[in-house]
Amino acid sequence: MKPIAASLVYMRDTKREVTEFMNKRSDYKKQDYSPKKRIWTAVLSILLVSGMAGGSYALINPKEEPDFEMKNENFSDQNYAGFDTNAEDIEVLEEPSTDEGTVEDVREEEPAEEPAEVVVVAEPEPVEVEVEAPEKNLDQMIANAKTHVYTLYTDLEQGSGFLYNDQGDILTNAHVVKDASYVMLKNSNGQEFNGHVIGISEKTDIALVRVKELAGKQPMPMATKEIAVGSKVIAIGSPENKANTASDGKITAVGKSFSADYEYNKLYEMTAVLKKGSSGGPLIDAESESIIGINSIILENAPEVGYAIPIHSVSSQLAKWVKDPIEFATDDIVLQDVKDAYFDKVLLTSFIESYYELLPYVLNDPEMNYFESYLLPGSKGFAAGKKQVEELTSKTRTFDAIKAKVTSVKINDKDAVIEATADFVYHDTETGETLKETRRNTFTVVIDEYGDYQIKDMQYE
């Protein structure tokens, strides 16, 4: 079927007011209940020598057990499996001193010591749940891809795009940026960038937008050949201005062609649902996790079916634009004022939750190290994140999906501190037990040079 131009629906939101999306900017002092050193009274009774019995008796007061209660409000709301802290009784006995046959009871008050640090060790506790290693799913795909997908705004349109190479180039549809006075991009953390079009086709619905601040950032892998019918795919974009929205489906046909304002040739047909604002977003192969296409259109009479332009079919044109980009005079570019990088409680919560969603994959398969993209390279957070994974990983353990809860978000001038608790549930084939470890993490998050949230420091219990 070759529909007329009116039957094609572009996956974009038209005439959006960009300003709508640009206004948001945004001890206990431990009480020492560990027993102090006390000097127990050493009372020496007069030794009675009985000539008749020839025996001696020492009368000593029995040791009094110190009455104490362990308290620490810092942990009162936390659930630590197997919490066990034992206080140590400290008893000091001094020998009595004698002088010329006189017994003297000596009692000296020793200075109180500083309270000992309470160390809480989270021991695994048995639980009765069925554990299955999580399979690749929508959440994992989104968490892995989110830092590579962008929402595009112009004075005319709102669409989607994704990082194409390490030169800061964003691939999108031509109809998203056509006739635009400016192009502004927003990442999943709300950071905004100015971009300019370095290549746009009048025939094929593709365009390339360069963002100089993103130069050096590594893209997701790109497919170099056609994938088969029946392959599972994930479509990611910003439909209705909702960043990192995804839908899954299958490739139902290849080689589809349509004509409208552009020539659409050799398209992927899929059941992954597309909506307005999805234009230019990536279509990802669920198996290889490489980008295979650019989500572009749906048919007006069949909106449940989507179509994407295969990456491999336009790679030669994209390479020409990268090598010989369109140059714009400064006076020809009208740029919106954009806000600085900022922290947002909702976005930070989503960031940490996405981090936990990725952990079970590496705990079950060390080669699936997606979580590392959330850690700032060379930082204490990177080292701590790797260490925590190493402590939990075992060939005999199979981890379930991790249940995490963000309990606190504190935003500072240059970073944000997030506290979260997580239940790590796993089945140990060596013991036959299913166990749960509850851990509390404190994350220090910064914004890197690419505008992405990154974990700079991490402390866990």
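Leaving aside neighbours within four places in sequence, isoleucine 170 is in contact (heavy atoms within 4.5 Å) with Tyr150, Leu152, Gly161, Phe162, Leu163, Leu185, Ala207, Leu208, Val209, Val211 and Leu214. Ile170 and Tyr264 touch the most other members of the largest nonpolar core, which has 51 residues; a nonpolar core is a set of buried Ala, Val, Leu, Ile, Met, Phe, Trp, Tyr and Cys residues joined through side-chain atoms within 4.5 Å. A second, separate core has 36 residues, among them Phe371, Phe399, Ala416 and Phe424. In soluble globular proteins, nonpolar side chains tend to be buried together.

The model is predicted, with local features needing pLDDT of at least 70 and side-chain atom pairs counting only at pLDDT 80 or more, while totals for chains, interfaces and linings use all residues. Residues are numbered from 1 along each chain as its sequence is written, and side-chain values use heavy atoms, with hydrogens and water left out.

Glycine 159 lies in strand β9 (residues 157–163), where strands (E, at least two residues) and helices (H or I, at least four) are DSSP runs numbered from the N terminus. At 0% relative accessibility, glycine 159 counts as buried, a term for residues under 20% relative accessible area, with exposed meaning over 50% and partly exposed in between (1.4 Å probe, protein chains only). Glycine 159 and asparagine 241 are 82 residues apart in sequence, and their C-alpha atoms are 7.9 Å apart in space.

Asparagine 244 sits in the loop between β14 (232–237) and β15 (245–259), and with a relative accessible area of 14% asparagine 244 is buried.

Next come the aromatic residues. The structure holds 12 aromatic pairs, a pair being rings of Phe, Tyr or Trp (its six-membered ring) with centres within 6.5 Å, counted as stacked if the planes are under 30 degrees apart, edge-to-face if over 60 and tilted otherwise. The rings of tyrosine 355 and tyrosine 374 have centres 6.3 Å apart and planes at 50 degrees, so this pair is tilted. It links helix α4, which holds tyrosine 355, to the loop between α4 and α5, which holds tyrosine 374, 19 residues apart. Tyrosine 355 is buried at a relative accessible area of 0%, and tyrosine 374 is buried at 2%. Tyrosine 355 also pairs with phenylalanine 443, their centres 5.7 Å apart and their planes at 75 degrees, so that pair is edge-to-face; phenylalanine 443 belongs to strand β23, 88 residues apart from tyrosine 355. One aromatic cluster is formed by Phe343, Phe351, Tyr355, Tyr356, Phe371, Tyr374, Phe443 and Tyr453.

Finally, consider helix α5. In α5, Gly381, Ala384, Gly385, Gln388, Val389 and Leu392 are buried. Seen down the helix axis, the buried residues of α5 fall within an arc of 135 degrees, so they line one face, the arc being that of the directions from the axis to the C-beta atoms. These buried residues pack against α4 (345–364), β20 (397–399), β22 (416–428), β23 (433–447) and β24 (453–460), whereas the face turned away from them carries the exposed residues Lys380 and Glu390.
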